[in-house]
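Reader: I would like to go through this model with you before I set anything up. Could you show it to me?

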Amino acid sequence: MEHDVRQFDGENTGDTGEIIKQLTFLNTQEGLQQCMDDEDFYLDIVSTFVEDNVLEDMQTCYLGNDWSGYRVKVHALKSSSAYIGAEELRAKAKRMEDAAKQEDVEYINMNHHHLVAMYEDLLRNITAVLPKRINLEASSQIKQFTIFVVDDSRLNRQVVVEVLSNTYNIEEAASGQEFFQQLEEGILPDLVLLDVHMPRENGHDIIGKLKADERYVHIPVVFMTHDNDLSTELQGFKEGAVDFITKPLNPALLMARINRILDLYYLQSKLQEEIQIRTQAILDKTQQMTIMFEEIIQALANTIDAKDKYTKGHSDRVSKYSVMIGKQLGYTEMQLLRLKYAALLHDIGKIGIPDGIINKTGPLTDEEFEMVKTHPVIGGDILKTITSVKDIYDGAMYHHEHYDGSGYPEGLYGKGIPEIARIINVADSYDAMTSHRSYRGMLTQEKVRSELEKGLGSQFDPIIGSIMLQIIDDDFGFTLHE
Amino acid sequence: MKKILVVDDNVVNLKFVDKMLKSNEEYKPVLVPSGSKALQFLSKNVPDLILLDILMPEMDGYQVLEEIRKMPGVADVPVLFLTAEEDEGLQERIKTVGAQGFLLKPFKQDALLKLVGQYLA
């Protein structure tokens with residue numbers, strides 16, 4: 001980025017012509033012409049440019065992806081820049097306005113931070129020249145940087161203060177001890193100007209302590225050194241210094257270096273901030289979607305239970321038992337989630353079976369039983385469009401397959417049956433036995449256990465069935481039932 | 001005295017128009033930074049002329065004018081658009097919404113005074 005280096009030349013004199021001469025970073029001739037050659041009016045407009053800046057509005061629109069709002073803001077920036085003679089900023093704002101008009105988000109993303117940095121730079125530069133004219137309360141959105149100068153030479157510190165104090169907040173310390181004391185008191189500088197050669201603690205010692213402290217490690221440190229010694233510089237870079245300035249200090253160079261470093265660091269921290277905001281937004285959105293997905297699955301599962309009044313809560317319980325088994329099998333969080341959804345929906349095909357059969361209190365006729373047996377295929381048909389989580393289809397389609405091949409609808413056997421369906425089969429049978437049915441009460445825990453044991457290797461996968469037996473054995477009070 | 005309502009979201013623009021208009025002692029500019037503020041002013045005051053920016057947040061110039069034309073008492077006040085919009089069809093659109101004319105930004109003082117003068121004779 002280009003920098004306008006302003007030589008320090010004392011207090012504002014109050015004479016408008018003199019002040020305007022200090023606005024070297026603006027095309028004041030152009031600005032004055034716009035302002036009908038009225039110097040006082042020109043300075044008024046320049047002050048307004050700072051006081052009524054659109055920085056925060058721009059940022060809000062940018063982060064909210066509000067491109068029509070963004071367009072209005074950069075449009076205003078463009079025309080204001082033209083009035084004061086800020087040509088570079090005007091050109092940049094114009095390109096951004098065009099991009100916003102076309103919703104060229106890629107271009108905006110690539111250039112927004114550069115525009116903001118330029119804009120802030122200009123606002124700071126103007127404020128430095130017109131401190132008395134500008135109502136600081138209104139322009140408090142511009143961050144005021146604090147620079148800490150640590151040097152045992154009072155003369156050097158004075159030079160730094162003279163050059164930089166118009167633009168920046170300056171803190172001073174004559175020794176490392178004094179410096180750290182002030183840090184402990186809560187001063188957090190945006191940049192440290194550090195003399196290398198000092199009695200007692202020298203610059204190397206001090207930067208070592210800074211970089212070892214989590215609170216200060218991110219603060220850029222610039223070394224000031226007398227010698228043009230390559231090894232000192234190399235050592236300094238290794239220790240984490242960002243730049244070197246040679247003494248005696250040249251005011252213009254000092255200003256330019258500090259401006260550049262602060263721009264880069266501020267830009268970087270802003271980018272990090274934005275990444276955080278955007279990442280959080282994505283996470284929130286993902287979480288919302290997950291919650292919605294779960295709610296939809298739950299609602300679907302409820303439709304089955306609503307139809308079958310004797311098996312109220314059946315889907316929830318099968319899901320719960322399935323997840324207990326899955327945990328014992330060492331399933332990951334993701335696998336458990338898929339198992340949970342598959343189990344919740346395993347009976348969805350019952351929607352296609354007439355209510356009279358589903359809710360019949362007496363024993364079913366052969367014909368009726370054949371109809372009930374079609375529910376896995378109906379369920380599979382309903383769920384076959386969910387290809388992203390195939391487990392959901394498998395659970396509904398194959399949860400009545402038996403390990404020995406005697407089940408339905410396809411008569412699959414052994415490991416040919418999807419594992420998820422084998423788990424649901426065990427959990428489903430367990431819940432059937434531990435629920436009150438119209439034609440019988442709930443079985444005792446011993447009875448359930450022996451039925452399950454009998455089915456190992458025939459109806460049930462022996463490993464999954466054994467896991468369920470273990471779960472039963474651990475359930476001392478027989479709490480796992482309807 | 002001729003009362004001129006100036007509506008623009010950009011304060012720098014407002015100050016410019018204010019400065020330019022005040023060179024004529026007969027003109028008394030009233031500055032407002034948004035369409036809603038303009039309508040609020042118009043509900044109690046009748047200016048001799050309205051100068052209206054187009055690209056503004058919330059309510060743009062076209063929408064503001066649409067509201068103005070519905071307001072009893074001020075519906076007949078001449079309206080001039082001040083705009084940097086060089087969109088194709090700008091002239092057409094300005095006619096259909098019922099504005100008297102427009103001036104492209106950035107404009108010079110004499111251009112503004114000349115145009116304004118036509119409606120405040």
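Reader: To begin with chain B, how many bridges join strand 1 of chain B to strand 2 of chain B?

Author: Six bridges join them, and the two strands run parallel. Please keep in mind throughout that this is a predicted model.

Reader: Which residue is the bridge partner of Ile4(B) in strand 2 of chain B?

Author: Ile4(B) has Pro29(B) as its bridge partner there.

Reader: What unit do strand 1, helix 1 and strand 2 of chain B make?

Author: Together, these three elements of chain B form a β-α-β unit, and the unit is right-handed.

Reader: And what is the strand order in the sheet of chain B?

Author: The order is 2-1-3-4-5, in an open sheet of five strands with parallel pairing. Strand 2 (27-32) and strand 5 (101-104) of chain B are the edge strands, each pairing on one side only. From one strand to the next, the twist averages 20 degrees.

Reader: How many bridges join strand 1 of chain B to strand 3 of chain B?

Author: Four bridges join this parallel pair. Within strand 3 of chain B, Leu51(B) stands opposite Val6(B). Leu51(B) also stands opposite Leu80(B), which belongs to strand 4 of chain B. Strand 3 (residues 49-53) and strand 4 (residues 79-83) of chain B pair over four bridges, again in the parallel sense.

Reader: Which strands does helix 3 of chain B lie across?

Author: Helix 3 (residues 61-70) of chain B lies across strand 1 (2-7), strand 3 and strand 4 of chain B. Its direction is at about 150 degrees to strand 3 of chain B.

Reader: Changing topic to the interface: how many residues of chain B are in contact with chain A?

Author: On the chain B side there are 15 residues, in contact with 16 residues of chain A. Helix 1 (residues 11-22) of chain B gives the most to that side of chain B, with six residues. By class, the chain B side has eight nonpolar, three polar and four charged residues.

Reader: Finally, confidence. What pLDDT does chain A average?

Author: Chain A averages a pLDDT of 88, and 94% of its residues score at least 70. Among the elements of chain A, helix 19 (residues 419-433) has the highest mean pLDDT, 96, whereas helix 11 (residues 230-239) has the lowest, 85.

Notes:
Residues numbered from 1 in each chain as written. Chains lettered and ligands numbered in written order. Predicted model: local features only at pLDDT ≥ 70, side-chain atom pairs only at ≥ 80, totals over all residues. pLDDT = per-residue confidence, 0-100. Contact = placed C-beta atoms within 7 Å. Nonpolar A, V, L, I, M, F, W, Y, C, P; charged D, E, K, R; others polar. Pairing = 2+ DSSP bridges. Axes fitted to C-alpha atoms, helices over the stretch in contact; angles between N-to-C directions. Right-handed = clockwise from strand over helix to strand, strands pointing away.
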